[in-house]
Amino acid sequence: MKPNHWLRLLTITSLLSFVTGDAFADEKQPLRIYILAGQSNMQGHAEVRTFDAMRLNPATAPLLKKMVETNGSPRVCRRVWITSIGSADQEQTGQLTAGFGAQGRGPKIGPEFTFGITMEDNTEGPILVIKTAWGGKSLNTDFRPPTAGPYEFSDTQLQQFRDQKKDIDQIQAEKKNQTGHYYRLMIDHVKSVLKNPGRVCPDYDAEAGYQLAGFVWFQGWNDMVDRGTYPERDQPDGYHQYSQLLTQFIHDVRKDLSAPELPFVIGVLGVGGPVREYGPDQKRYSAVHQNFRDAMAAPASLPEFRGNVTAVLTENYWDQEVTQLRARERDLKPQRDKIEQAIKAGQLSKTDGQAAIEKLYAEHFSERERTLMRDSVSNAEFHYLGSAGIIGQIGQAFAQALLTMEASTGTPPNNWNLRRTGISCRLWKPALRLFHRWRKNGTAGCAVKLKLSRIVVGDGSHQCQSSFLQRANGLQCFDGKPLTVTNAIQIASNAVFRRCDALFRNDDAFAATANLCMSFRDFSSDLVHQTYLPKPGLLHLSSRAASSRLFAVAQTTKFPREGRVEICATTDALQRTPQAAPKTRLT
């Protein structure tokens, strides 16, 4: 095929993909896969019985409505499936609902529950969560990334072993066996699932494929309390080694999963809430806790990770009200101990003693406060109180962080119905028919420039570009300029936004149109500023709604036979009147 014919087919096909988005709404979507990894707080220790207390907190009441069905039972996600190892004795699989938290003491949830709910509510197509979490594991040893090399004991540690008359050779051998063991288990499980996603997710369509859409890391306690590995932890930069290890961890995960720009969320440990709000009994831990949190978040600020690694401060979701109530409760401990001693001594019956305790609490707490203390806590502070309100907000925040990165980098929305390797093959036949019809009528020289941005797609890590655009790379545009990926998107985007400024005064329509155009991530930041969007969140609007809006505009827009065309007629209109197709040139 001649070069000009390739360019014409390119522009016609991209036109079709733009204006017929709704026609392919039923086409299978790629499976979105998210990996959640860490230690006990990623496992999750929030018992389902703590759900109900969320209604008493204005910050969590709206989330509770999303977490339960109309009958009050935990929500069962329709499009989200999960495979989890480490939280129970065996692998757990199924549709995402409550019960995939740590095993024992009733059904529990971890961050995966509200993470999946948020993703289901904000994306289209099937979703698979791969969760790998084991309690009591460190990054410096258990999850140690391969490129970090073996764990090396310091001279101080070795001397302590000698002073304690311990077998150093045995300790070093055990450490060698432990090093990286859970990193390997994590990667091996992910790769095993990726070989056959349909084993876990019945909605998986092999033709549509899958995309690794994000990784969430939520860990830290065992490193934070490790004096041997971090001897200067109470000093600024005392956890610098953790920052280095986490940076290597991100690189190694991406390499081992062949996803060099896999979006990565760091869940920064935040038990106890912000250190500035610590009570008198917690102040002595402030420096250590803050130093560790800073070290966890540090990789997200590295230039090499700009735009695809972010940190979520889980301290922001701590329940300060319950913490304050528990502090007041501790003040009553002497009185409560006195009553319990009287019960043990036989001075009070168990019934009378319990009544005395309830009376004591009623004198110092309201009914709402007593309910919060009793029903919103199911575990220790280092497990975020086992509170569904806290863990639920954290899981939601992890999902929102990934969605924000996706919007800011211009990753194509799921409902564009494009294959990972380019435009859906379903567009070939209509494109060829229209191309030949235009050529027969002598109008094959037309080009609709703004549609070129529609065919640049990503696989979730921005590794693929449309094969059409790659084939066209290096060819000549109508004005003699080379058609490269860069200038094609620049030309197309500029044209779209000029037309948007003239046609769309409605914020929603304006933002939705921008969403259709922002398919090339290197230009996304500049393009957002050019569109005067009221807020970035509007970029989450459905491209389906946008294409409907443009379809209606195109039907009522008169197009000149010469000169530049900013918005073209619909596919149907062009097929009915091919002789009226406008002749334009890329500028």
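Biologist: How many aromatic pairs does a search of the whole structure find?

Modeller: In this predicted model, the search finds 21 aromatic pairs. One of them joins Tyr34 and Phe115.

Biologist: Why is the pair of Tyr34 and Phe115 called edge-to-face?

Modeller: The ring centres of Tyr34 and Phe115 lie 5.3 Å apart, with 80 degrees between the planes. Rings pair if their centres lie within 6.5 Å, and planes over 60 degrees apart count as edge-to-face. The pair of Tyr34 and Phe115 is therefore edge-to-face.

Biologist: What makes this a link between distant parts of the chain?

Modeller: Tyr34 belongs to strand β1 (residues 31-38) and Phe115 to helix α4 (residues 112-122), 81 residues apart. Both Tyr34 and Phe115 are buried.

Biologist: Why is the pair of Phe143 and Tyr182 called tilted?

Modeller: The planes of Phe143 and Tyr182 are 45 degrees apart, and the centres are separated by 6.4 Å. Planes under 30 degrees apart count as stacked and those over 60 as edge-to-face, so the rest are tilted. This pair also links distant parts of the chain: Phe143 is in the loop between β6 (127-133) and α5 (155-163), whereas Tyr182 is in helix α7 (residues 181-195).

Biologist: Why does Tyr182 count as buried?

Modeller: Tyr182 has 18% relative accessibility. Buried means under 20%, so Tyr182 counts as buried.

Biologist: Which residues do ring pairs link into a cluster?

Modeller: The cluster consists of Trp134, Phe143, Tyr182, Tyr183, Phe215, Trp217, Phe249 and Phe264.

Biologist: How do you know that Lys175 sits over the ring of Tyr151?

Modeller: The charged end of Lys175 is 4.3 Å from the centre of the Tyr151 ring. The distance limit is 6 Å, and the charge must also lie within 35 degrees of the ring normal. Lys175 is therefore described as sitting over the ring of Tyr151.

Biologist: Which residues touch the most other members of the largest nonpolar core?

Modeller: That core has 102 residues, and those touching the most other members are Phe115, Met186, Phe215, Trp217, Tyr242, Phe249 and Tyr384. Helix α15 (residues 388-408) supplies the largest share, 11 residues. Beyond its sequence neighbours within four places, Phe215 is in contact with residues including Ile35, Met186, Phe249 and Phe264. A second, separate core of 6 residues includes Tyr151, Phe153, Phe161 and Ile171.

Biologist: What makes β4 and β9 edge strands of the open sheet?

Modeller: The sheet has 7 strands in the order β4-β3-β6-β1-β7-β8-β9, with mixed pairing. Strands β4 (92-95) and β9 (309-313) each pair on one side only, and these are the edge strands.

Biologist: How do you know that β7 and β8 pair?

Modeller: Strand β7 (residues 210-218) and strand β8 (residues 264-268) share 4 bridges in the parallel sense. At least two bridges are needed, so β7 and β8 pair. Trp217 stands opposite Ile266 in β8. Strands β1 and β7 also pair in the parallel sense, over 8 bridges, and Leu36 stands opposite Val216 in β7.

Biologist: What makes β7 mostly covered?

Modeller: Of the 9 residues in β7, 8 are buried. Helix α10 (residues 286-297) lies across β7, β8 and β9, running at about 180 degrees to β8.

Biologist: Why is Gly135 called partly exposed?

Modeller: Gly135 has a relative accessible area of 30%. Buried means under 20% and exposed over 50%, so Gly135 falls in between. Gly135 lies in the loop between β6 and α5. Leaving aside neighbours within four places in sequence, Gly135 is in contact with Gln39, Ser40 and Gln43.

Biologist: Why is Val76 partly exposed?

Modeller: The relative accessible area of Val76 is 29%, which again lies between 20% and 50%, so Val76 is partly exposed. Val76 is found in the loop between α3 (61-67) and β3 (80-85). Val76 and Leu96 are 20 residues apart in sequence and 6.0 Å apart in space, C-alpha to C-alpha.

Biologist: Why does Thr132 count as buried?

Modeller: Thr132, in strand β6, has 0% relative accessibility; this is under 20%, so Thr132 counts as buried. Apart from residues up to four places away in sequence, Thr132 touches Leu36, Ala37, Gly38, Ile85, Met186 and His189.

Methods. Residues are numbered from 1 along each chain as its sequence is written. This is a predicted model: local features need pLDDT of at least 70, side-chain atom pairs count only at pLDDT 80 or more; totals for chains, interfaces and linings use all residues. Side-chain values use heavy atoms; hydrogens and water are left out. Rings of Phe, Tyr and Trp (its six-membered ring) pair if their centres lie within 6.5 Å; planes under 30 degrees apart count as stacked, over 60 as edge-to-face and the rest as tilted. Buried means under 20% relative accessible area, exposed over 50%, partly exposed in between (1.4 Å probe, protein chains only). A nonpolar core is a set of buried Ala, Val, Leu, Ile, Met, Phe, Trp, Tyr and Cys residues joined through side-chain atoms within 4.5 Å. Contact means heavy atoms within 4.5 Å. Axes are lines fitted to C-alpha atoms, for helices over the stretch in contact, and angles run from 0 to 180 degrees between N-to-C directions.
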